[in-house]
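Colleague: I am new to this structure and would like to learn how to read its salt bridges. Please take me through them.

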Amino acid sequence: MRGAVIHAPGDVRFETLADPKILKPTDAIIRTAVTCVCGSDLWPYRGLEPAQEAHPMGHEYVGFVEEVGSGVTAVRPGQFVVGSFATSDNTCANCRNGFQSSCLNREFMSTCQAEYVRIPNAQGTLVATGQVPDEQLWPGLLAVSDVMGTGWYAADAAEVKPGSTAVVVGDGAVGLCAVIAAKEMGAERIIAMSRHEPRQRLAREFGATDIVTERGEEGIARIKELTGGIGADAVLECVGTAEAMRQALRSARPGGNVGFVGVPHEVAVDGQELFFSHVGLRGGPAPVRRYLPDLIDHVLSGRINPGKVFDLTLPLEQVAEGYKAMDERRAIKTLLKP
């Protein structure tokens with residue numbers, strides 16, 4: 001088969017790779033229907049995460065089951081399935097508590113920008129659709145495997161409630177999906193922080209009521225101005241930088257909550273400031289598997305369309321251009337078709 005391999009910062013190649021095989025009874029092999037480039041893939045692409053040696057890339061996927069191990073009964077060959085970027089057995093104590101991304105047998109997916117993918121923990125990770133969905137729905141279902149599930153967790157962790165005011169920090173695919181989530185959870189006012197007009201338009205389409213273009217202290221001041229000097233009930237941090245975290249924490253009202261899902265890079269939280277702010281803070285790798293059945297139904301029913309975050313579609317063989325377009329902010333998110 002063929003797939004994406006990163007060799008060094010800025011150097012992603014489409015290469016011939018070994019076909020995946022069943023290694024454990026709990027594995028499955030899928031034929032990729034569509035996959036994509038994630039904003040978090042840009043960290044190693046930009047050299048902000050060390051890459052010791054060349055390795056495959058990608059952690060978002062939907063596809064058709066080709067083969068299953070002897071321990072997999074939840075899905076069968078031929079079915080169309082959606083999974084999570086973090087695999088889980090869905091039976092351990094952490095899974096039963098709703099945090100499948102902390103499964104005791106967790107494995108993070110990392111080879112999905114390819115024609116075929118081995119899925120560990122397939123029994124607990126994969127969710128089959130009732131029938132093969134219309135191809136137009138594949139992008140939305142692909143979003144569910146990570147960015148939509150992650151945006152949903154940001155809203156869940158920030159405790160967005162009906163009638164509340166939510167602020168979304170970040171206008172990438174996760175941030176835009178977080179706008180969808182905040183609206184679905186009943187937020188009355190959704191303030192999206194964005195400087196990019198195409199992303200602002202999509203944020204408004206997804207449910208944002210206000211746009212704030214300022215960043216840093218100016219951005220915090222603008223949020224306070226829009227909320228009567230108090231701050232927001234819920235803030236969804238979807239970037240992962242120190243500036244984004246600081247902006248999120250200082251934009252929340254006393255007693256409000258911050259849900260952070262951007263993978264932290266050089267983020268340090270001042271314990272004294274957090275103590276006196278009365279702001280709650282929760283985040284981490286999103287337990288996407290917890291939300292998969294409902295979010296799949298939301299997409300299949302047409303209630304939400306997170307697939308709109310894919311504003312560039314390329315054949316998988318042009319994966320390098322997909323990375324470049326996102327790195328240069330010419331694309332929000334690149335869809336890849338094998």
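Modeller: Start with Asp327, which is partly exposed at a relative accessible area of 28%. Buried means under 20% relative accessible area, exposed over 50%, and partly exposed in between (1.4 Å probe, protein chains only). This is a predicted model, where local features need pLDDT of at least 70, side-chain atom pairs count only at pLDDT 80 or more, and totals for chains, interfaces and linings use all residues. Residues are numbered from 1 along each chain as its sequence is written, and side-chain values use heavy atoms, with hydrogens and water left out.

Colleague: Which side chain does Asp327 meet in a salt bridge?

Modeller: Side chains of opposite charge can pair when their charged atoms come close. A salt bridge is a side-chain nitrogen of Lys or Arg within 4 Å of a carboxyl oxygen of Asp or Glu. Here Asp327 pairs with Arg46 at 2.6 Å, N to O. Asp327 lies in helix α12 (residues 319–327) and Arg46 in the loop between α1 (42–45) and β4 (55–56), so the pair ties together parts that are 281 residues apart in sequence. Helices (H or I, at least four residues) and strands (E, at least two) are DSSP runs, numbered from the N terminus. Arg46 is partly exposed, at 42% relative accessibility.

Colleague: How many salt bridges does the structure hold?

Modeller: There are 20 salt bridges in the structure. One of them joins Glu321 and Arg330, with the closest N and O atoms 3.1 Å apart. Glu321 has a relative accessible area of 29%, and Arg330 has 47%.

Colleague: Which residues do shared partners join into one network?

Modeller: Asp171, Arg199 and Arg329.
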